[in-house]
Amino acid sequence: MATLIDGKKISTQIKDELKAKVEELQKQGTSVTLAVIQVGNDPASTVYVGNKKKACEYIGIKSLAYELPETTTQEELLDLVKKLNEDPEVNGILVQLPLPKHIDENLVIQTISPKKDVDGFHPQSVGALSIGQRGFVSCTPSGIIQLLKRSGIEIEGKECVIIGRSNIVGKPMALLMLRENATVTICHSRTKNLKEVAKRADILIVAIGKPRFINHEYVKEGAVVIDVGIHRDENNKLCGDVDFDDVLDKVTAITPVPGGVGPMTIAMLMNNCVESVL
Ligand code: NAD
């Protein structure tokens, strides 16, 4: 019988621990403030920003919302980021992606001070992770490490296959699994014999962006499967990159969608905000 890795429960545990930490910090006279910038009104971004604000409220983090019009120029946005970099009251800065096409996302990310880069996307944060130095780690991969550890799943010495090499999931995930002493393989759109490679995995992490792509043919008997994908299927039902029902009999543990990796991303963002004052 496969274990369901309960991201909702684990993310609540983490948020409750952070809430207690923030209360402690407040007693010592330290508050935590996150600035959230949204440009335009992409409906998905509005939902994500709303969820981040709610999580801040729950934990006791002050959130400052900057809702800028779609027509905001790159210069105006960069000026705001620079102003927030200098503001001693602001501990973390988050610019909700994607940005409108006329704005260079990379330039905006590079302008955020690495000390306030709670998304962990700044090249300095990524570089620190790759050479094992302290820095902010991007939230979805660090949430997956927490899911594994808090579910009692051993990582050290295990064969880990990651499908996907994006900058926000696949690559930092590989670095984190390496830091935890797994033997790591990264697969991508040009990988040959994906099924054979995926089947080596004791821990298979799927961030491919294709609904229900991974079925039982990609999964070794007894593997742990982590599904990062999130999609709406033809019936408007949420699903992941993994065909959950098809692999369930083969796995020892799996994350559901929804309620697996998704809730962990915000919990780890909150964790980074708290770490920014420590
Ligand atoms: P992406 O599109 O940037 O990257 C997808 C990766 O999959 C690429 O590196 C590509 O090489 C690889 N890929 C594509 N087709 C492939 C194939 N046929 N075989 C092997 N590899 C292939 O996606 P992303 O930003 O990493 O996100 C992946 C998924 O995770 C998406 O569904 C996204 O919505 C979801 N996501 C969820 C969260 C969360 O908090 N739950 C966070 C980020 C992303």
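Is Lys-220 buried, partly exposed or exposed? Select Lys-220: with a relative accessible area of 29%, this lysine is partly exposed. Keep in mind as you click around that you're looking at a predicted model.

Asp-202 sits in the loop between H8 and S7, while Lys-220 sits in the loop between S7 and S8, so the pair ties together parts 18 residues apart in sequence. Asp-202 is partly exposed too, at 22% relative accessibility.

Next stop: select Glu-217 and Lys-195. Here's another salt bridge, with an N to O distance of 2.5 Å. This pair links distant parts of the chain, 22 residues apart: Glu-217 is in the loop between strand S7 (203-206) and strand S8 (224-227), and Lys-195 belongs to helix H8 (residues 194-198). Colour by accessibility and you'll find Glu-217 partly exposed at 34%, with Lys-195 partly exposed at 30%.

Now jump to helix H1 (residues 7-27) and pick Glu-24 and Lys-27. Their closest N and O atoms are 3.9 Å apart, and the two form a salt bridge. Why are they about one helical turn apart? Because they are 3 residues apart in the helix. Glu-24 is partly exposed at 41% relative accessibility, whereas Lys-27 is exposed at 68%.

Definitions and conventions:
Residues numbered from 1 in each chain as written. Predicted model: local features only at pLDDT ≥ 70, side-chain atom pairs only at ≥ 80, totals over all residues. Heavy atoms only, no water. Salt bridge = Lys/Arg side-chain N within 4 Å of Asp/Glu carboxyl O. Helix = DSSP H or I, 4+ residues; strand = E, 2+ residues; numbered from the N terminus. Buried < 20%, exposed > 50% of the residue type's maximum accessible area, 1.4 Å probe, protein only.
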